[in-house]
Amino acid sequence: MNLNENQDENWSKDNEEFGIEVRAVVNSRIYERPSFFLGIPFIVVFGGIESKYESIFSIEYAGKNVVVLYHGLCLISAEDRLLIRGKWYRGKKLGIQGNVVIAERVENLSSGIVFEKS
């Protein structure tokens, strides 16, 4: 088995642990995602929306771009060297083209900042 067959085998796994040093391709985007609404209807609805932050960026892995999703704030710049740990998912199962990593820990080796879910 040569190196290319081994890489293709890694791409074909549906759900695997992912932990490798990579390079960021773009800056991270941070989104605020509503999680639930609590309100009281009294002529007008009084209440509020609870929300959480998510960060999304892409990395270069095995010559292809891979989307990384981190549930929380994760500030990444293009060309940063990263050490990412998380789960690998095939994009077709999630309804997108390409593959996705749901990160649990992102270590920015360029700046020394570590983002980790606690």
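A residue counts as buried when its relative accessible area is under 20%. N108 has a relative accessible area of 3%, so N108 is buried.

**The chain**

The chain holds 2 helices and 7 strands. From the N terminus on, they run α-β-β-β-β-β-α-β-β. Of the 118 residues, 27% count as buried. The accessible surface comes to about 8,000 Å². Carbon and sulfur atoms account for 52% of that surface. Contacts reach along the chain too: among those between residues at least 6 apart in sequence, 57% join residues at least 24 apart.

**Confidence**

The average pLDDT of the chain is 79, and 80% of the residues score at least 70. Among the elements, strand β7 has the highest mean and helix α1 the lowest.

| Element | Residues | Mean pLDDT |
|---|---|---|
| Helix α1 | 3-12 | 42 |
| Strand β7 | 114-116 | 91 |

Over residues 1-13, pLDDT stays under 50. The model has 16 contacts beyond four places in sequence for this stretch. Where pLDDT is low, the predicted coordinates should not be read in detail.

**The core**

In soluble globular proteins, nonpolar side chains tend to be buried together. The largest nonpolar core here has 18 residues. Six of them touch the most other members: F57, I59, I76, L82, I84 and V106. Strands β1 (15-24), β3 (44-61), β4 (64-70), β5 (81-90) and β6 each give two or more residues to this core.

Take I84. Which residues does I84 touch, not counting those up to four places away in sequence? The list is F18, G19, I20, V22, F57, I59, V68, V101, A103, R105 and V106. Among them, F57, I59 and V106 are also core members that touch the most others.

**Back to N108**

N108 is found in strand β6, which covers residues 99-108. The N108 side chain has a polar atom 3.0 Å from the backbone nitrogen of S110. For the backbone nitrogen of S111, the distance to a polar atom of that side chain is 3.3 Å. Leaving aside neighbours within four places in sequence, N108 is in contact with L75, I76, D80, R81, L82 and I113. Two of these contacts, I76 and L82, belong to the largest nonpolar core.

Conventions:
Residues numbered from 1 in each chain as written. Heavy atoms only, no water. Helix = DSSP H or I, 4+ residues; strand = E, 2+ residues; numbered from the N terminus. Buried < 20%, exposed > 50% of the residue type's maximum accessible area, 1.4 Å probe, protein only. Polar contact = N/O pair within 3.5 Å; in protein donor to acceptor, adjacent residues only side chain to side chain. Contact = heavy atoms within 4.5 Å. Areas by Shrake-Rupley, 256 points an atom, 1.4 Å probe, with all protein chains shown as cover. pLDDT = per-residue confidence, 0-100. Core = buried A, V, L, I, M, F, W, Y, C linked by side-chain atoms within 4.5 Å.
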